[in-house]
Amino acid sequence: MQREKPLHSLIAGATAGAIEAFVTYPTEYVKTRSQFTGRKETPIAIIRETIKTKGITGLYSGCSALIIGNATKAGVRFVSYDYFKSKLADSQGKVSAPRSLLAGLGAGTMEAIFAVTPSETIKTKLIDDSKRPNPRYRGLVHGTASIVREEGIRGIYRGLFPVMMRQSANSAVRFTTYTTLKQFVQGTVRPGQQLPSAITFGIGAIAGLVTVYTTMPLDVIKTRMQSLEARKQYRNSFHCAYRIFKEEGVLRFWTGTTPRLVRLVLSGGIVFTVYENVIKILGAHSTA
(Lines give C-alpha, C1' and ligand atoms only; values in the text may rest on other atoms or scores of the structure.)
Protein backbone atom coordinates (compact mmCIF):
# COMPACT_ATOMS: atom_id res chain seq x y z
CA MET A 1 0.00 0.00 0.00
CA GLN A 2 1.33 3.41 -1.00
CA ARG A 3 1.29 5.85 1.88
CA GLU A 4 1.06 9.53 1.02
CA LYS A 5 3.99 11.69 2.06
CA PRO A 6 3.06 13.52 5.29
CA LEU A 7 3.91 16.93 3.78
CA HIS A 8 1.75 16.20 0.73
CA SER A 9 -1.14 15.09 2.95
CA LEU A 10 -0.73 18.23 5.07
CA ILE A 11 -0.71 20.61 2.08
CA ALA A 12 -3.57 18.85 0.28
CA GLY A 13 -5.66 18.59 3.43
CA ALA A 14 -5.10 22.21 4.45
CA THR A 15 -5.97 23.46 0.95
CA ALA A 16 -9.13 21.34 0.85
CA GLY A 17 -10.16 22.48 4.34
CA ALA A 18 -9.71 26.19 3.62
CA ILE A 19 -11.67 26.05 0.35
CA GLU A 20 -14.45 23.98 1.90
CA ALA A 21 -14.78 26.31 4.91
CA PHE A 22 -15.17 29.45 2.79
CA VAL A 23 -17.64 27.93 0.32
CA THR A 24 -19.90 26.38 2.97
CA TYR A 25 -19.58 28.88 5.83
CA PRO A 26 -23.09 30.47 5.60
CA THR A 27 -24.61 27.04 6.32
CA GLU A 28 -22.32 26.71 9.37
CA TYR A 29 -23.39 30.16 10.58
CA VAL A 30 -27.10 29.29 10.27
CA LYS A 31 -26.62 25.90 11.96
CA THR A 32 -24.75 27.43 14.89
CA ARG A 33 -27.31 30.22 15.36
CA SER A 34 -30.17 27.71 15.36
CA GLN A 35 -28.55 25.64 18.13
CA PHE A 36 -28.31 28.40 20.74
CA THR A 37 -30.85 28.54 23.55
CA GLY A 38 -33.76 30.90 23.22
CA ARG A 39 -36.43 31.18 20.55
CA LYS A 40 -36.41 28.58 17.82
CA GLU A 41 -35.74 30.03 14.39
CA THR A 42 -35.94 28.39 10.99
CA PRO A 43 -32.87 28.56 8.71
CA ILE A 44 -34.72 30.93 6.34
CA ALA A 45 -35.69 33.24 9.22
CA ILE A 46 -32.09 33.36 10.46
CA ILE A 47 -30.81 34.21 6.97
CA ARG A 48 -33.41 36.96 6.47
CA GLU A 49 -32.83 38.50 9.91
CA THR A 50 -29.05 38.41 9.51
CA ILE A 51 -29.05 39.99 6.05
CA LYS A 52 -31.56 42.64 7.18
CA THR A 53 -29.53 43.69 10.23
CA LYS A 54 -25.93 42.86 9.23
CA GLY A 55 -25.97 42.51 5.45
CA ILE A 56 -24.56 39.59 3.45
CA THR A 57 -21.27 39.82 5.36
CA GLY A 58 -23.21 38.99 8.54
CA LEU A 59 -23.47 35.40 7.27
CA TYR A 60 -19.68 35.27 7.49
CA SER A 61 -19.35 36.32 11.15
CA GLY A 62 -16.58 34.19 12.63
CA CYS A 63 -15.60 32.90 9.18
CA SER A 64 -11.88 33.67 9.48
CA ALA A 65 -11.64 31.55 12.62
CA LEU A 66 -13.21 28.59 10.85
CA ILE A 67 -11.10 28.93 7.69
CA ILE A 68 -7.86 28.91 9.70
CA GLY A 69 -9.15 26.14 11.95
CA ASN A 70 -10.56 24.11 9.07
CA ALA A 71 -7.32 24.29 7.09
CA THR A 72 -5.35 23.16 10.14
CA LYS A 73 -7.99 20.55 11.00
CA ALA A 74 -8.06 19.01 7.54
CA GLY A 75 -4.26 18.94 7.37
CA VAL A 76 -4.01 17.18 10.74
CA ARG A 77 -6.92 14.88 9.84
CA PHE A 78 -5.46 13.57 6.60
CA VAL A 79 -1.90 13.23 7.93
CA SER A 80 -3.21 11.35 10.98
CA TYR A 81 -5.62 9.19 8.99
CA ASP A 82 -2.98 8.25 6.40
CA TYR A 83 -0.59 7.33 9.22
CA PHE A 84 -3.09 5.22 11.16
CA LYS A 85 -4.42 3.64 7.96
CA SER A 86 -0.93 2.58 6.84
CA LYS A 87 -0.34 0.95 10.22
CA LEU A 88 -3.66 -0.91 10.11
CA ALA A 89 -3.63 -2.04 6.45
CA ASP A 90 -3.31 -5.74 5.62
CA SER A 91 -0.54 -7.27 3.48
CA GLN A 92 -2.45 -6.37 0.28
CA GLY A 93 -2.78 -2.75 1.36
CA LYS A 94 -6.53 -3.05 2.01
CA VAL A 95 -8.15 -1.47 5.05
CA SER A 96 -11.22 -3.23 6.43
CA ALA A 97 -14.21 -1.18 7.62
CA PRO A 98 -13.49 -1.80 11.34
CA ARG A 99 -9.83 -0.78 10.89
CA SER A 100 -10.82 2.28 8.87
CA LEU A 101 -13.21 3.16 11.70
CA LEU A 102 -10.33 2.88 14.20
CA ALA A 103 -8.06 5.05 12.00
CA GLY A 104 -10.84 7.62 11.74
CA LEU A 105 -11.28 7.70 15.51
CA GLY A 106 -7.56 8.38 15.90
CA ALA A 107 -7.59 11.11 13.26
CA GLY A 108 -10.64 12.76 14.83
CA THR A 109 -9.04 12.81 18.26
CA MET A 110 -5.88 14.44 16.88
CA GLU A 111 -7.77 17.14 14.99
CA ALA A 112 -10.02 17.91 17.97
CA ILE A 113 -7.03 18.55 20.24
CA PHE A 114 -4.75 20.42 17.85
CA ALA A 115 -7.18 22.37 15.67
CA VAL A 116 -10.93 22.03 16.07
CA THR A 117 -11.63 22.95 19.68
CA PRO A 118 -9.87 26.35 19.67
CA SER A 119 -11.23 27.42 16.27
CA GLU A 120 -14.76 26.14 16.95
CA THR A 121 -14.91 27.81 20.38
CA ILE A 122 -13.78 31.16 18.97
CA LYS A 123 -16.12 30.84 15.97
CA THR A 124 -19.10 29.95 18.19
CA LYS A 125 -18.45 32.86 20.57
CA LEU A 126 -18.08 35.29 17.65
CA ILE A 127 -21.39 34.12 16.15
CA ASP A 128 -23.11 34.26 19.57
CA ASP A 129 -21.73 37.77 20.11
CA SER A 130 -22.68 38.97 16.61
CA LYS A 131 -26.42 38.54 17.31
CA ARG A 132 -26.26 41.04 20.19
CA PRO A 133 -27.45 44.62 19.49
CA ASN A 134 -23.96 45.90 20.36
CA PRO A 135 -21.36 43.16 19.69
CA ARG A 136 -18.27 43.23 21.93
CA TYR A 137 -15.81 41.59 19.58
CA ARG A 138 -14.41 43.54 16.64
CA GLY A 139 -13.11 40.54 14.74
CA LEU A 140 -11.05 37.38 15.03
CA VAL A 141 -7.93 38.87 16.63
CA HIS A 142 -9.78 41.13 19.07
CA GLY A 143 -12.27 38.39 19.93
CA THR A 144 -9.57 35.79 20.56
CA ALA A 145 -7.51 38.20 22.68
CA SER A 146 -10.60 39.14 24.72
CA ILE A 147 -11.57 35.50 25.34
CA VAL A 148 -8.04 34.55 26.43
CA ARG A 149 -7.72 37.66 28.62
CA GLU A 150 -11.03 37.00 30.38
CA GLU A 151 -11.06 33.19 30.56
CA GLY A 152 -7.47 32.12 29.96
CA ILE A 153 -6.39 29.36 27.57
CA ARG A 154 -9.20 27.23 28.99
CA GLY A 155 -11.57 29.74 27.41
CA ILE A 156 -10.68 28.59 23.90
CA TYR A 157 -10.63 24.93 24.93
CA ARG A 158 -14.13 24.99 26.38
CA GLY A 159 -16.14 22.03 25.14
CA LEU A 160 -13.04 19.89 24.43
CA PHE A 161 -14.76 16.64 25.45
CA PRO A 162 -17.84 16.97 23.17
CA VAL A 163 -15.58 18.22 20.36
CA MET A 164 -13.37 15.14 20.74
CA MET A 165 -16.44 12.92 20.74
CA ARG A 166 -17.91 14.67 17.70
CA GLN A 167 -14.68 14.78 15.68
CA SER A 168 -13.82 11.17 16.48
CA ALA A 169 -17.30 10.10 15.41
CA ASN A 170 -17.21 12.42 12.37
CA SER A 171 -13.89 11.14 11.09
CA ALA A 172 -14.65 7.51 11.91
CA VAL A 173 -17.99 7.55 10.09
CA ARG A 174 -16.85 9.76 7.21
CA PHE A 175 -13.58 7.97 6.45
CA THR A 176 -15.10 4.50 6.89
CA THR A 177 -17.97 5.33 4.53
CA TYR A 178 -15.67 7.03 2.01
CA THR A 179 -12.97 4.32 2.07
CA THR A 180 -15.51 1.47 1.84
CA LEU A 181 -17.40 3.07 -1.07
CA LYS A 182 -14.17 4.05 -2.84
CA GLN A 183 -12.74 0.52 -2.59
CA PHE A 184 -16.05 -0.88 -3.89
CA VAL A 185 -16.13 1.52 -6.87
CA GLN A 186 -12.44 0.98 -7.65
CA GLY A 187 -13.18 -2.74 -7.83
CA THR A 188 -15.40 -2.03 -10.86
CA VAL A 189 -12.73 -0.18 -12.88
CA ARG A 190 -9.43 -1.25 -14.42
CA PRO A 191 -6.47 -1.59 -11.98
CA GLY A 192 -4.57 1.68 -11.66
CA GLN A 193 -7.34 3.74 -13.27
CA GLN A 194 -8.07 6.99 -11.42
CA LEU A 195 -11.64 7.69 -10.41
CA PRO A 196 -13.17 10.79 -12.07
CA SER A 197 -13.61 13.85 -9.85
CA ALA A 198 -17.41 13.60 -10.20
CA ILE A 199 -17.34 10.07 -8.72
CA THR A 200 -15.02 11.19 -5.91
CA PHE A 201 -17.36 14.12 -5.16
CA GLY A 202 -20.38 11.80 -5.07
CA ILE A 203 -18.71 9.32 -2.72
CA GLY A 204 -17.58 12.16 -0.45
CA ALA A 205 -21.10 13.64 -0.45
CA ILE A 206 -22.62 10.32 0.61
CA ALA A 207 -20.03 10.09 3.40
CA GLY A 208 -21.09 13.56 4.56
CA LEU A 209 -24.76 12.58 4.53
CA VAL A 210 -24.18 9.52 6.72
CA THR A 211 -21.99 11.56 9.09
CA VAL A 212 -24.63 14.23 9.75
CA TYR A 213 -27.39 12.00 11.04
CA THR A 214 -25.15 9.83 13.20
CA THR A 215 -23.27 12.66 14.96
CA MET A 216 -25.81 15.51 15.19
CA PRO A 217 -26.49 15.25 18.98
CA LEU A 218 -22.77 15.64 19.71
CA ASP A 219 -22.70 18.76 17.52
CA VAL A 220 -25.60 20.36 19.42
CA ILE A 221 -23.96 19.67 22.80
CA LYS A 222 -20.66 21.07 21.47
CA THR A 223 -22.30 24.32 20.35
CA ARG A 224 -24.10 24.81 23.67
CA MET A 225 -20.90 24.18 25.67
CA GLN A 226 -19.03 26.80 23.62
CA SER A 227 -21.68 29.55 23.80
CA LEU A 228 -21.12 32.74 25.77
CA GLU A 229 -23.52 31.67 28.54
CA ALA A 230 -22.27 28.07 28.88
CA ARG A 231 -20.44 28.61 32.17
CA LYS A 232 -23.63 29.91 33.80
CA GLN A 233 -25.92 27.17 32.46
CA TYR A 234 -24.02 23.87 32.35
CA ARG A 235 -21.65 22.11 34.75
CA ASN A 236 -20.28 19.80 32.05
CA SER A 237 -21.22 18.11 28.77
CA PHE A 238 -23.36 15.46 30.47
CA HIS A 239 -25.29 18.10 32.41
CA CYS A 240 -25.78 20.00 29.16
CA ALA A 241 -27.16 16.89 27.42
CA TYR A 242 -29.45 16.17 30.39
CA ARG A 243 -30.89 19.70 30.39
CA ILE A 244 -31.49 19.70 26.66
CA PHE A 245 -33.28 16.34 26.87
CA LYS A 246 -35.35 17.27 29.94
CA GLU A 247 -36.24 20.86 29.03
CA GLU A 248 -36.38 20.82 25.23
CA GLY A 249 -36.99 17.22 24.19
CA VAL A 250 -34.99 14.64 22.28
CA LEU A 251 -35.65 16.22 18.87
CA ARG A 252 -33.67 19.29 19.96
CA PHE A 253 -30.54 17.17 19.53
CA TRP A 254 -31.15 17.29 15.79
CA THR A 255 -31.62 21.07 15.63
CA GLY A 256 -29.63 22.53 12.76
CA THR A 257 -29.66 19.27 10.80
CA THR A 258 -30.71 20.90 7.50
CA PRO A 259 -27.92 23.52 7.27
CA ARG A 260 -25.37 21.02 8.63
CA LEU A 261 -26.59 18.43 6.11
CA VAL A 262 -26.10 20.93 3.28
CA ARG A 263 -22.66 21.80 4.60
CA LEU A 264 -21.37 18.27 5.18
CA VAL A 265 -22.71 16.89 1.90
CA LEU A 266 -20.95 19.74 0.08
CA SER A 267 -18.01 19.48 2.47
CA GLY A 268 -17.54 15.76 1.87
CA GLY A 269 -17.60 16.26 -1.88
CA ILE A 270 -15.34 19.34 -1.89
CA VAL A 271 -12.76 18.11 0.65
CA PHE A 272 -12.16 14.68 -0.84
CA THR A 273 -12.20 15.99 -4.44
CA VAL A 274 -9.75 18.84 -3.70
CA TYR A 275 -7.57 16.54 -1.58
CA GLU A 276 -7.31 13.83 -4.24
CA ASN A 277 -6.54 16.38 -6.98
CA VAL A 278 -3.90 18.26 -4.96
CA ILE A 279 -2.27 14.93 -4.09
CA LYS A 280 -2.13 14.11 -7.83
CA ILE A 281 -0.55 17.50 -8.62
CA LEU A 282 2.03 17.23 -5.82
CA GLY A 283 2.81 13.63 -6.81
CA ALA A 284 3.34 14.64 -10.43
CA HIS A 285 5.68 17.48 -9.43
CA SER A 286 7.69 15.30 -7.06
CA THR A 287 8.30 12.68 -9.75
CA ALA A 288 8.91 15.18 -12.57
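A search of the whole structure finds 1 cavity of 30 Å³ or more. A cavity is a set of points, on a 1 Å grid over the protein atoms alone, where a 1.4 Å probe fits but cannot get out. This is a predicted model, in which local features need pLDDT of at least 70 and side-chain atom pairs count only at pLDDT 80 or more, while totals for chains, interfaces and linings use all residues. Residues are numbered from 1 along each chain as its sequence is written, and side-chain values use heavy atoms, with hydrogens and water left out.

The largest cavity holds about 200 Å³ of space. A volume is the space filled by probe spheres set on the points, which are joined across faces, edges and corners. The lining counts 20 residues; lining residues have an atom within 4 Å of a point. Lys-73, Asn-170, Arg-174, Arg-263 and Leu-264 lie nearest the cavity centre. Helices H1 (6-35), H3 (63-88), H6 and H10 (257-287) each supply at least two lining residues. Helices are DSSP runs (H or I, at least four residues), numbered from the N terminus. By class, this lining has 11 charged, 6 polar and 3 nonpolar residues. Asp, Glu, Lys and Arg count as charged; Ala, Val, Leu, Ile, Met, Phe, Trp, Tyr, Cys and Pro as nonpolar; the others, Gly among them, as polar.

The second largest pocket contains about 230 Å³ of space. A pocket is an open set of points with protein on both sides within 12 Å along at least five of seven lines. Of its 14 lining residues, Arg-154, Arg-158, Gly-159, Met-225 and Arg-235 are the closest to the centre. Helices H6 (160-186) and H8 (230-233) give two or more residues each. H6 provides the largest share, 3 residues. This pocket lining has 7 nonpolar, 3 polar and 4 charged residues.
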